[in-house]
Amino acid sequence: MKDIDKEPFFIKEIKEQPKVLANTLSRYLGPNLHLKITRPPLDDQTIRRIHKVYITACGTSYHAGMTARYIIEELSQLPTVVEPASEAGRHQPLVDENTLAVAISQSGRSPDTLAALNLARSRGAVTLGLVNEAPSPLTEAASGSLQILAGQVFTLSSTKAFTSQTLALELLALRLAQSRGLIKERWPQELENLARIPEMVRHALAMEDKALQMAKTLNDYDHVFILARGALLPMAYEGALKLKEVAHFHAEGYSTGEFGHGPLAMVGPRTPIILIAFAGEAASDLSLARAFRARGAPLWLISEDGAKKDQAMASMADLIFPLPAVQARLRPMVAIIPLQLLAYHLGRLRRVNVDNPGGLLGDDWVGESQLAH
Ligand code: BG6
């Protein structure tokens, strides 16, 4: 059997996600419906003096941070800023001793993320490393760490660590809100919703054949736009990153609302569009969908039971990847699944080694941390 014919780690890791998410939940949800993230720096006293959250990371981890911004602001009402770690040293981030600085890294060793955390620490911030690998340079540098339990990662491009980071950030948001006295009566409902996540992800994984179908069609094109709004927008960015990194296919993630302001001019029969449009949001995306059809662009929908919930939108789509109904805040963890599966199948069709796709930075790369400023 040739190497290319073996089942890659990339798909194994995608399929491990329900188990990994269940592990993270059972580690941090206590039997008394209390979050177990209580050791410093996340004790009540520290949290109550925090006025701002600053999140920094690279690549896929950065996308998890982007989604967390929506969730943390909604739940804890703390202003939250997210920036790529490579940009942190390029300005004077407004970070002080009343800031919680969260650095996210699967490996715990991305140089730019480490440098950004150290910068925040030098300004007095309470620092938290959100990592999979511990101990690691990031856990050593941060005043506290929160470990996701994704297990060993064999692939270059992260999938199970990404959803696990997103879940851990949701738990962090709940923890912040809990200490700030903001979710008392909603608490049992919040936990019930969280407990359903592994099952919802399993449900999405079971529709792999749709992703394969999408991949076969997409392989005949050269570009794709992936559009979404709100907390789902970073999933469009992440899906596009996966297609570039793993399938070496040109994809652009874009805000649905911004798309009409310029990029629409690029749309025609050779530019398929993947629209992530959950029920409730779909109505506002309808006019854009009509514009895509008028220009002859293939339109694929990732939607919450799209066919049933929004007939007008569904009737315009060439293909629908239906997702199970899930609380709005938790949708990102489910909506990314079809895009991960698409990247996998497209990568295979394009004969890319999806575990180690190549074409990336080599050992001679100097990160921001090593540049002379
Ligand atoms: C990049 C990888 O170099 O590092 C990405 O190509 C990854 O896939 C990024 O997301 C960040 O890695 P980490 O370990 O800091 O989360």
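This is a predicted model: local features need pLDDT of at least 70, side-chain atom pairs count only at pLDDT 80 or more; totals for chains, interfaces and linings use all residues.

Reader: What makes the contact between Glu208 and Lys15 a salt bridge?

Author: The side chains of Glu208 and Lys15 meet at 3.4 Å, N to O. A salt bridge requires a side-chain nitrogen of Lys or Arg within 4 Å of a carboxyl oxygen of Asp or Glu, so the pair Glu208 and Lys15 qualifies. Between domain 1 and domain 2 the count is five salt bridges.

Reader: What is the buried area between domain 1 and domain 2?

Author: The size of an interface is often given as the accessible area lost when the parts come together. For domain 1 and domain 2 this is about 2,600 Å², with 66% of it on carbon and sulfur atoms. The interface also holds 16 residue pairs in polar contact, both residues at pLDDT 80 or more.

Reader: Which residues touch the most other members of the largest nonpolar core?

Author: They are Val102, Leu243 and Ile276, in a core of 93 residues. At least three residues of this core come from each of domain 1 and domain 2. Apart from it lies another core, of 21 residues, including Ile273 and Phe292.

Reader: Why is Gln77 called exposed?

Author: The relative accessible area of Gln77 is 53%. Exposed means over 50%, and therefore Gln77 counts as exposed. Gln77 sits in the loop between α4 and β2, and its phi is near 60°, a positive value in a residue other than glycine.

Reader: Is Arg351 buried or exposed, and what is the value?

Author: Arg351 has 55% relative accessibility. The cut-off for exposed is over 50%, so Arg351 is exposed. Arg351 lies in the segment after α17 and has a positive phi of about 60° although it is not a glycine.

Reader: What is the omega of the cis peptide bond that joins Ala134 and Pro135?

Author: Omega of that bond is about 0°. Pro135 is found in the loop between β4 and α7.

How values were computed: Residues are numbered from 1 along each chain as its sequence is written. Side-chain values use heavy atoms; hydrogens and water are left out. A nonpolar core is a set of buried Ala, Val, Leu, Ile, Met, Phe, Trp, Tyr and Cys residues joined through side-chain atoms within 4.5 Å. Buried means under 20% relative accessible area, exposed over 50%, partly exposed in between (1.4 Å probe, protein chains only). Domain bounds come from an automatic or database domain assignment. Buried area is the accessible area (1.4 Å probe) that two parts lose on being put together, summed over both. A polar contact is a pair of N or O atoms within 3.5 Å; within protein, one must be able to donate a hydrogen and the other to accept it, and residues adjacent in sequence count only if both atoms are side-chain atoms. Helices (H or I, at least four residues) and strands (E, at least two) are DSSP runs, numbered from the N terminus.
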